[in-house]
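Me: I am new to this structure. Please take a close look at one part of it, the packing of the helices. Keep it brisk, but keep it connected.

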Amino acid sequence: MGTKEQQMLDFETNWYTLGGGSSSEITEQFGLSDRDFFTEVDRLVDTSPPASLSSTELRRMRRVIRHRLWMAG
């Protein structure tokens, strides 16, 4: 996993309990739309889930990611 991917995963790990990071923060930090950001984070969580999260926390994070993808249309 590259540095940018790790930063994206760390960002969402810190924000998922609040429904994910704000759209403006995502654009500012990563230069991505919500759809692109959460698509990539979804892939990263499936391939390299954060070891710091319990299985329950990981399920919650996945729900937030999928909800944000749904909202992004």
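Reply: Angles under 35 degrees count as roughly parallel, over 145 as roughly antiparallel, 65 to 115 as roughly perpendicular, and the rest as oblique. A helix here is a DSSP run of H or I with at least four residues, and a strand is a run of E with at least two, numbered from the N terminus. The model is predicted, with local features needing pLDDT of at least 70 and side-chain atom pairs pLDDT 80 or more, while totals for chains, interfaces and linings use all residues. Residues are numbered from 1 along each chain as its sequence is written, and side-chain values use heavy atoms, without hydrogens and water.

Start with H2 and H3. Helix H2 covers residues 23–30, and helix H3 covers residues 34–47. They pack at an angle of about 75°, with their axes 9 Å apart. (Axes are lines fitted to C-alpha atoms, for helices over the stretch in contact, and angles run from 0 to 180 degrees between N-to-C directions.) H2 and H3 are therefore roughly perpendicular to each other. From H2, the contact (heavy atoms within 4.5 Å) takes Ser23, Ile26 and Phe30. From H3 come Asp34, Phe37 and Phe38. By class, the contact of H2 with H3 has four nonpolar residues, one polar and one charged. (Ala, Val, Leu, Ile, Met, Phe, Trp, Tyr, Cys and Pro count as nonpolar; Asp, Glu, Lys and Arg as charged; the others, Gly among them, as polar.)

Next, H1 and H4. Helix H1 spans residues 3–15, and helix H4 spans residues 55–72. Their axes come within 10 Å and cross at roughly 105°. That makes H1 roughly perpendicular to H4. Leu9, Glu12 and Thr13 of H1 meet Met61, Val64 and Ile65 of H4. This contact of H1 with H4 has four nonpolar, one polar and one charged residues.

Now H1 and H2. Here the axes come within 12 Å, and the crossing angle is roughly 160°. That makes H1 roughly antiparallel to H2. H1 brings Lys4, Gln7, Met8 and Phe11 to the contact. H2 brings Glu25, Ile26, Gln29 and Phe30. By class, the contact of H1 with H2 has four nonpolar, two polar and two charged residues.

Phe11 deserves a stop. Phe11 sits in helix H1. Its relative accessible area is 6%, so Phe11 is buried (buried means under 20% relative accessible area, exposed over 50%, partly exposed in between, with a 1.4 Å probe and protein chains only). Apart from residues up to four places away in sequence, Phe11 touches Gly21, Glu25, Ile26, Gln29, Phe30 and Phe37.

Follow that list to Gly21. Gly21 lies in the loop between H1 and H2. Gly21 is buried, with a relative accessible area of 0%. Gly21 and Phe11 are 10 residues apart in sequence, and their C-alpha atoms are 7.5 Å apart. Beyond neighbours within four places in sequence, Gly21 is in contact with Phe11, Glu12, Trp15, Ile26 and Arg68.

Follow the list again, to Phe37. Not counting residues up to four places away in sequence, Phe37 touches Met8, Phe11, Glu12, Ile26, Phe30 and Leu32.

The largest nonpolar core has 17 residues. (A nonpolar core is a set of buried Ala, Val, Leu, Ile, Met, Phe, Trp, Tyr and Cys residues joined through side-chain atoms within 4.5 Å.) Leu9, Phe37, Phe38, Val41, Val45, Met61 and Ile65 touch the most other members. H1, H2, H3 and H4 each supply at least two residues of this core. In soluble globular proteins, nonpolar side chains tend to be buried together.

Arg35 lies in helix H3. Arg35 counts as partly exposed, at 38% relative accessibility. Arg35 and Ala72 are 37 residues apart in sequence, yet 5.5 Å apart in space, C-alpha to C-alpha. Setting aside neighbours within four places in sequence, Arg35 is in contact with Leu69, Ala72 and Gly73. Arg60 is in helix H4. At 44% relative accessibility, Arg60 is partly exposed. Arg60 and Gln29 are 31 residues apart in sequence and 23 Å apart in space, C-alpha to C-alpha.
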